[in-house]
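Subject: A structure for you to look through

Hi there,

Here is the structure I promised to pass on. Please open it beside this email and follow along as you read.

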Amino acid sequence: MLVGATRGGASVDARDWGWRHSGRRRWAVSELSLRIEPGERILLLGASGSGKSTLLHALAGVLGGDEEGEQRGTLRVNGAEPGNAKGQVGLVLQDPDSQVILARVGDDVAFGCENIGVPRGEIWRRVQDALEMVGLDVPVGHPTSALSGGQKQRLALAGVLAMQPGLLLLDEPTANLDPVGVREVRESVARVLAHTDSTFIVIEHRVEIWKDLVDRVIVLGADGGVLADGSPSDVLLAQGVALTASGVWVPGVPHTLPIRPPRETGQPTLLSTNSLAIARTRDCVVAENIDLEVPEACALLITGPNGAGKSTLALTLAGLLRPAAGRVVASGALAAGAGSDPIRWKSRQLLSRVGTVFQDPEHQFVAGTVRAELAVGPRALGLSDALLHRRVDDLLERLRLDHLAEANPFTLSGGEKRRLSVATVLATQPRLLVLDEPTFGQDFRTWQEIVALLRDLLDAGTAIVAVSHDADFVAAVADREFRVEGRGSKYDLSAVLP
Amino acid sequence: MHATTSSLKQSAPAGATKRNFRWRVVDIVVASVIGVASGVIFLVWNQASNPLSGLLSPLLPGLSALLGGGWLFAGVLGGLIIRKPGAALYTELLAAVVSTLIGNQWGPLTLVSGLVQGLGAELVFALFLYTNYRLYVVLLAGAGAGLAMAINDLVLWYPGSASAFATIYIVSAIISGVVIAGLLSWFAARGLARTGALNRFAAGRIAGRTAI
Amino acid sequence: MSVLTPTRGVRAIDRINPVAKLAAALLLAAVLVLTIDWVSAAVALACEMLLFLWAGLTLRVFLWRTALVWLAAPSTGITTLLYGQASGQEYWSFGLIQVTDGSIDLALATTLRVLAIGLPAVVLFITVDPTDLADGLGQVVHLPARFVLGGLAALRMVGLFIEDWRALGLARRARGVADGAVLRRLGNQTFALLVLSIRRGSKLATAMEARGFGAPIQRTWARSSTFGLREWSLIGIGLMIAVLAVMISVSTGNWNFVFA
């Protein structure tokens, strides 16, 4: 018998429930009343700030006690306070890296069982069953650090299943995964749901992934309470427009941007490579013999499987990583008197030539406020105060960050951080923009904004190199696609057909 | 609002939380992360300190203890952020464990150093009943860690040293503890609070309130 | 590096409970620091060198991993040579520096002692798997499980810290702030790393709590940590080396108690 089949689904009861984090004025969730029957499968939607995650955390009993916030009304899992129901509720979170607890796969899955006092012999039976159920076919001694993002999420799922929870909660489990990882996780969850009668609640911006696995959709209102509640088709029909506006990817609602045909070739080349070999750290070459060209006012999209070296290539083109062999050559127009090897440029010289937007925006924040963050580049370039302020104010408005000018960059939401990271680079007006997974984990609204912004930049003559797994994004902005297949691979340099 | 039955207290003003000395899971894990991150910084420091102390020693013997702060900040920072009994001791000790496991010149005695140095900072925080984390207390905790380090080093590593050396060593260690372990940790904690990274801690909510 | 990747070999030394390795190394160190004389340190070092032959390390790995000890030992010795307690004939003096018969003896003893304490620890700890150590500390030594496992989970993040550190460095170059002012940049980068690691730590805490970590239930252990003949033998060897070193040192009249 497989794991999870032994315990029935749990019920959830919320009555006028609310939660406010310590030190905040605003209630994260308020006036929430709902009832979930044992065994129901639910997709939980809502605008950012509607408290979806807070609700899931509360159900899992991980919100913290009095010290961390105050509660109103009641919240019950199977009639009991969630905090006392440990082991009965399993929660999988968004970030794969922060959920791996131990160094080996088997130990990691066993961790939850140990904590709830399952006897040793029983633990290893459950570990085997759980790994089988999520389809993670690696030895129990396999190092967890060697797993891909999708595998890590399935590992987290297995760790939760081994505790045989009656309530299974997934908080944006695929937001940080590439398409392959998303598929893996979805298949695993489908198998789990087919074998257990656990109650299931998932939060996700991309409705498409879960639509067929759930029988009920609940939409939380931005100002508290439940906005809509019903079968997936009914709710999506009634709320589709409002959900789309709040950033949810609703199936069948395409983006509203015009189709953009790929630009004809024939623009002057800004940057090119010459038998380039790339390596993240010395001696660790991931791809070689790369010859490519980045023309002015064109977007080159770097695609390919995980670990093939896409990010490494982008960072090498951006003059941040040293080529392992071969060269990156900047044209005279791009170099503007600074020599033809970007890696030899000074940090300051990069600013007006190549701007890089990192996959994780937090890596590139260096200042204490949003305004100061935007001023870092222009100041390093030695712009006059008047010009600097004009540029900063301009960007604050253009990227809808003006109300956050004095906030600390680290305190922004995911979408705001992404917009700020793009804005900091635009502040120095580089000729070439390099972006690593710019749409990763973004909601529909931010996605459209980024695409629109990049198209404007292309029209204004900026060249773009972007790494992306996101097929929609590639289709929306690419003029050329360059596929990295890993070592010794061949790539094709053709225009992408719309 | 018509809040109904609730087992928790109903409407205390946000932010006014009761002082609770029991360690929550997040206290343990974040203290551990601070300890491990500090341990990694120790590794860099273990290697850098040899040539640096070679430069300092000829100036005045015992001056090399000025570098000691590089091994003392872990406990002060941990105590300052976590604000629970034993936090300074635990983070400093864990940092020492990481340094030992990866390997350094002092072997298992690193653990003794970690224990003693952590205790130095811990005692100061305890003296203020784990309720006062103003700048002067943090500086004192740094001084406590420095003094503890000096005593430990003089007994374990420089047992035959002359009293002039010992005096300079102790004074240098305390100065280093105050400046590097105390002052820098204080600034770091204040900066961290502003980034929202400490939102789940009293330390973050008090210092970072203006930002929310 | 065993902290970063799990290492669990099949040789005897790999399978000894890490708690025993820690105990043996600590025991030896505790005895050796009681005295400051070259005889006890030299005897211990000689015995250890013989045992290292069985530790299963190639010379290259041995030297690479213990390099820091070999560097630190003479530098600690030189400090003592210059500033150690003066006695006997003086050979050179300059300001506070006094090189005398006494300080030469002390310097030699200190150098050997650092080697005798540092080398076996490195050799023993190379083969320590952090998970095994945590199991031992929790089940054999009975330290509080929450702290042992919290520390272990944090240890796993070292790899992520290193990746973050690299990305932070590249990002600073991209932001135009990597020219000059090395100290300031390192300070800024260290701070950013601290922010990222504490955030990761908070998320990890939630993930652990969601798996019942910290629940008021008696936890079980999936892996057993045993302490038997092999472990006691290792501690016995450590004790024998310590006793031998003390006996020879005392009988040759070199014993020099540090607290005397």
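Residues are numbered from 1 along each chain as its sequence is written, and chains are lettered from A and ligands numbered from 1 in the order in which they are written.

**Confidence**

The model has an ipTM of 0.89 and a pTM of 0.89. Within chain C, helix H7 (residues 145–155) has the highest confidence, with a mean of 95, and helix H1 (residues 12–15) the lowest, at 78. Where pLDDT is low, the predicted coordinates should not be read in detail.

**Chain C as a whole**

Chain C contains 10 helices and 2 strands; here helices (H or I, at least four residues) and strands (E, at least two) are DSSP runs, numbered from the N terminus. The order along the sequence is α-α-α-α-β-β-α-α-α-α-α-α. Chain C is more spread out than a compact globule, because its radius of gyration is 23 Å, well over the 18 Å that the globule rule gives for 260 residues. That radius is taken over C-alpha atoms, and the rule is 2.2 Å times the number of residues to the power 0.38. Along the principal axes, the C-alpha atoms fill a box of roughly 65 × 55 × 35 Å.

How many of the 260 residues of chain C count as buried? The share is 50%. A residue is buried if 20 or more other C-beta atoms lie within 10 Å of its own, exposed if 12 or fewer, and partly exposed in between, with C-beta atoms placed from the backbone.

**A helix to look at**

Helix H3 (residues 38–52) of chain C has 15 residues and reaches 21 Å from its first C-alpha to its last, close to the 21 Å expected. The expected span is 1.5 Å times one less than the number of residues. Its buried residues include C:Trp38, C:Val43, C:Leu45 and C:Glu48. The buried residues of H3(C) pack against helix H2 (18–32), helix H5 (101–126) and helix H10 (229–251) of chain C.

**Where chain C meets its neighbours**

Two residues are in contact if their C-beta atoms, placed from the backbone, lie within 7 Å. On that basis, 60 residues of chain C touch 46 residues of chain B. H9(C) gives the most to this side of chain C, with 14 residues. By class, the side has 41 nonpolar, 14 polar and 5 charged residues. Ala, Val, Leu, Ile, Met, Phe, Trp, Tyr, Cys and Pro count as nonpolar, Asp, Glu, Lys and Arg as charged, and the others, Gly among them, as polar.

The contact with chain A takes 41 residues from chain C and 53 residues from chain A. The largest share of the chain C side, 11 residues, comes from H9(C).

**One residue in chain B**

B:Trp157 sits in the loop between helix H5 (135–156) and helix H6 (163–194) of chain B. It counts as buried because it has 20 C-beta neighbours inside 10 Å.

Enjoy exploring!

Technical notes. This is a predicted model: local features need pLDDT of at least 70, side-chain atom pairs count only at pLDDT 80 or more; totals for chains, interfaces and linings use all residues. pLDDT is the predictor's confidence in each residue, from 0 to 100.
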